[in-house]
Amino acid sequence: MGDAVSTESYTPRQRTRYRQRLMDDLEVFDRHLQEAEFINQGTIGLELELNLVDEHMQPKLCNAEVLAELSDEYQSEIGAYNVELNHPPLSISGTGLLDLEDGLNERLGIVRDAANKAGAEVAMIGTLPSVTTEFLQDPDWMTPENRYKALSNSVLESRGELVRIDLERQESYHHDFEDIAPESTCTSIQLHLQVAPDRFAAAWNASQAIAGVQTALSANSPLFAGHKLWHESRIPVFEQSIDNRTPELITQGVRPRVWFGERWITSAFDLFEENVRYFSPLLPEDRVEAGTPIVTDGKPGLHYLNLQNGTIWRWNRPIYDPNTELSHIRVENRLLPAGPTVADIVADAAFYYGMVKYLVGQTRPVWSRLSYDDATSNFFAGARDGLYASMTWPTLGTIPVADLVTNHLLEQAEQGLEQLEVDRKLIDKNLEIIEGRARSHQNGATWQLVALNHATAAVVAEVEDGVEGAESVDGPDTPVRREAIARMLKAYIANQKSGAPVHTWSTDVH
C-alpha cells in the first residue's frame with residue numbers, strides 16, 4: 001500500500017493478468033528463499049502514524065500542508081488528518097534504544113513544527129477520540145490519492161454492502177458507512193525486526209505468542225466516535241473497516257483481510273503462500289503502471305507478491321525487501337497503538353524485542369505448548385480488556401495479564417535484552433516503564449477513561465452553575481461528552497509533550 005497506483009478501479013482483464021503474475025512471483029520467491037543469500041544481521045526499525053488536530057481538538061484535514069514542509073521520511077496516510085514518520089533501521093545493541101528514543105523525539109519535533117505552521121497540533125494516540133460519526137461521513141476525510149480511493153472502492157465492491165462498525169463494551173456503537181472511513185482512525189506503531197530467513201518462522205511465532213500481552217500492556221484506543229468501547233478499539237475497528245466479506249462468507253469461514261492468522265508456521269513462505277491461496281487481489285496494479293522494476297541489483301522485485309502482501313493486514317506481517325545490498329526479510333509488528341509518549345513507545349519496543357529474543361532461544365518454544373486458539377483468544381482479550389484481561393499461558397493456566405508480566409515475562413524480556421547486548425541502564429529504564437504500567441494498571445486506555453470521567457464531572461458542574469451551550473447529561477454524542485473529550489485530549493497532548501511515561505500521569509482533568 002506504500003506505492004502509488006494509477007487508477008481508482010480495475011477491469012476483469014487487469015485482475016486476471018494480475019493473478020497470473022502473482023502466481024509467477026510466488027514461484028520466484030520460493031526459489032529465491034532457497035537459493036539466494038539474504039542479510040543475516042538483525043536490525044530494528046519503526047513507523048509511527050500521527051493525528052493532526054485543531055485548537056478545539058478536532059481532526060484537521062491538513063496533511064498535505066504539513067507534508068509539504070517535510071522530507072521523504074514522512075508520508076501521507078489514508079486520512080487527510082494523518083501523517084506517518086519513519087525511523088531508519090539501527091542496531092539494538094549498546095545504546096540502540098537511546099538512539100531510537102532520540103531519533104523519534106527529533107522527528108516528532110520536526111512534525112510538530114510543520115503542523116504548527118498549518119495551524120495544527122500533533123496527537124500521538126491509537127484512536128483520535130474527538131473523531132465523530134459525522135466527520136467520518138464527510139468525503140473530505142480521505143487523502144486525495146488514487147491508492148486510497150482504489151482501496152476503498154475495492155473493499156466496497158467486494159463486500160457489496162456498506163461497511164458496518166459494530167462494537168460493545170461499556171457502551172455500544174453500531175453504524176454503517178459508505179466507505180472505509182473508520183480505518184483512518186486507526187493510528188499505530190509498527191515495529192520492524194529484520195531476521196535471517198531460517199529464523200523468521202521462530203520470530204513470527206514468538207511475536208504471535210506475545211501479541212495479547214503487548215496489546216493489553218499498550219492499549220490506547222478506548223474511545224471510538226465518542227463511545228467507550230474496547231480498551232484497544234482500534235483492533236476491531238480496523239478489522240471491520242477493511243472486511244470485504246458478506247455475512248454469508250464469514251459464516252462459510254472465509255478469512256478476513258485483517259487477520260491474526262490460524263496456525264504456527266515453519267517458514268516465511270507459509271505466509272506468502274496463504275496470501276496467494278486465500279485472498280483475492282484488492283489492488284491488481286500492473287508492475288509497469290506502478291513503475292516497479294523486475295529486479296533490483298540482481299534481486300527479484302516481486303511487485304505482485306509484495307502488493308498482495310500489502311493488502312492483507314496481518315497483525316504480524318512478513319515483509320520481503322529487495323531494496324538493500326542483499327534481500328532481507330522482516331517481521332512487521334503492527335498491533336501497537338501510537339503513543340502515549342516516546343518513552344512509552346521505546347519501552348514497548350524494548351519489551352517486544354527482548355521477549356522475541358528470549359522466546360526464540362527456548363529449547364521448548366512457547367508455541368509448542370500454547371495452542372494457536374489460545375494465542376488468538378489472548379490477543380482479543382488484551383484488546384477488549386487491556387490491563388484487566390486474563391491470559392492463558394503454558395504451565396500457568398489462566399492468569400491476569402498484569403501478573404503474567406510482572407511475575408514472569410519481565411525477567412524473560414530482561415534476559416532477551418541482555419542477549420542482544422543492550423546497555424544495562426537502558427534495559428532497566430525501559431522495563432521499569434513496563435513494570436510501572438502493569439503494576440499501576442494505568443496505560444493510555446485506562447488514563448483516558450478515568451481522565452474523561454473527571455473532565456465530564458467538571459463539565460457537568462459548570463453546566464449546573466449556569467454555563468450555556470450544553471445539557472447536564474453525559475452520554476455518547478452529547479455536548480457534555482464532546483466537551484469532556486476535548487478537555488481530556490488537550491490534557492493528553494500536554495502530558496505527551498512532557499515526555500513522562502503514561503503510568504505517571506495525573507488523571508485530574510478539569
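Reader: Between which two elements is the loop that holds S71?
Author: In this predicted model, local features need pLDDT of at least 70 and side-chain atom pairs count only at pLDDT 80 or more, whereas totals for chains, interfaces and linings use all residues. Residues are numbered from 1 along each chain as its sequence is written, and side-chain values use heavy atoms, with hydrogens and water left out. Helices (H or I, at least four residues) and strands (E, at least two) are DSSP runs, numbered from the N terminus, and on that basis the loop of S71 runs between α2 (63-67) and β2 (74-76).

Reader: Does S71 count as buried, partly exposed or exposed?
Author: Buried means under 20% relative accessible area and exposed means over 50%, with partly exposed in between (1.4 Å probe, protein chains only). The relative accessibility of S71 is 40%, so S71 counts as partly exposed.

Reader: And R481, is that residue buried or exposed?
Author: R481 belongs to helix α18 (residues 479-498). Leaving aside residues up to four places away in sequence, R481 touches E171, G226, H227, K228, L452, D474, G475 and P476, where contact means heavy atoms within 4.5 Å. Because its relative accessibility is 1%, R481 counts as buried.

Reader: How are α13 and α16 oriented to each other?
Author: Axes are lines fitted to C-alpha atoms, for helices over the stretch in contact, and angles run from 0 to 180 degrees between N-to-C directions. Helix α13 (residues 342-360) packs against helix α16 (residues 424-440) at about 100°, and their axes are 8 Å apart. Angles under 35 degrees count as roughly parallel, over 145 as roughly antiparallel, 65 to 115 as roughly perpendicular and the rest as oblique. The two helices, α13 and α16, are therefore roughly perpendicular.

Reader: Which residues of α16 does α13 meet?
Author: From the side of α13, the contact is made by A343, D344, V346, A347, D348, A350 and F351. Their partners in α16 are N430, L431, I433, I434 and R437.

Reader: How far apart are the axes of α13 and α15?
Author: Helix α15 (residues 401-419) and α13 pack at an angle of about 85°, which makes α13 roughly perpendicular to α15. The distance between their axes is 7 Å.

Reader: How far apart are the end C-alpha atoms of helix α6?
Author: The expected span of a helix is 1.5 Å times one less than its number of residues. For the 13 residues of α6 (residues 197-209) that should be 18 Å, which agrees with a distance between the end C-alpha atoms of 19 Å.
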